[in-house]
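Please look over the sequence and the structure shown here.

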Amino acid sequence: MQSPFWNVQQAPVVPADINVPKTIPETASVTSRLMEVLDSNSHGNVHGGVIMRMVDESAAIVAIKHSRRPVVTKRIDQFTFIAPAYIGDVVHIHCRMNYVGRTSMEVGVEVLAESLGTGEIRQICSSQVVFVALDENRRPTPVPPLKATTPEEQNQIQKARARRERILQIEQELETEFH
Ligand SMILES: CC(C)(COP(=O)(O)OP(=O)(O)OC[C@H]1O[C@@H](n2cnc3c(N)ncnc32)[C@H](O)[C@@H]1OP(=O)(O)O)[C@@H](O)C(=O)NCCC(=O)NCCS
């Protein structure tokens, strides 16, 4: 199906070589934005949905840098807000690749709020976002493998793989239960 945005001018896409592994540091990304009045909820804090959108967009940067492909969000694993972000804070979204499957990529996200008045930095939430890379027909397409460069990274990748297997198992169980 032709996109309604077909005529929008877009930057060229050169898919990454799927035989050349990528490392976690080479795609890691930090996005920062000052929270303004338009970002507030009715209590005057930053709206949770604003943070969720920033997380989805920022994590996508990592998945696109890894695959050099268009990506879509397949799942967002969890979203527990530990502390509020306020208008006037700078929200920093730290994103790094956790795990890469054949066509899917899990990006780990840490959200911090920095009070510009005091320099205090608070943890707001953390999450894992799974993206799938798409080919020209909008079907899942393979991406380069992920290469650990330290024992800590290897450990992190193994943990993410085990977590993913547990989650997919639970989803399968729920599907058979409710369908
Ligand atoms: C993404 C999409 C094309 C994938 O289609 P699909 O039929 O599920 O494709 P597959 O079964 O081949 O799965 C693709 C990958 O997703 C993984 N996957 C499937 N279900 C998953 C789930 N619930 N959680 C995490 N990963 C999942 C698969 O394991 C596979 O990963 P792998 O290749 O690394 O092993 C399709 O689900 C889709 O279009 N979803 C909507 C995406 C979207 O629009 N997001 C924005 C919401 S507005």
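Cys95 stands opposite Val109 in strand E5. Strands (E, at least two residues) and helices (H or I, at least four) are DSSP runs numbered from the N terminus. This is a predicted model, in which local features need pLDDT of at least 70 and side-chain atom pairs count only at pLDDT 80 or more, while totals for chains, interfaces and linings use all residues. Residues are numbered from 1 along each chain as its sequence is written.

Strand E4 (residues 89–100) and strand E5 (residues 104–115) run antiparallel and are joined by 11 bridges; two strands pair if DSSP finds at least two bridges between them. The open sheet has five strands in the order E2-E4-E5-E6-E3, with antiparallel pairing. Strand E2 (29–34) and strand E3 (71–76) are at the edges with a single partner strand each, so one side of each has no neighbour in the sheet. From one strand to the next, the twist averages 30°.

| Helix | Residues | Angle to E4 |
|---|---|---|
| H2 | 48–67 | about 40° |
| H3 | 151–178 | about 80° |

Axes are lines fitted to C-alpha atoms, for helices over the stretch in contact, and angles run from 0 to 180 degrees between N-to-C directions. Helix H2 touches E2, E3, E4, E5 and strand E6 (121–133); contact means C-beta atoms, placed from the backbone, within 7 Å. Helix H3 lies across E4 and E5.

Notes
Two residues are in contact if their C-beta atoms, placed from the backbone, lie within 7 Å.
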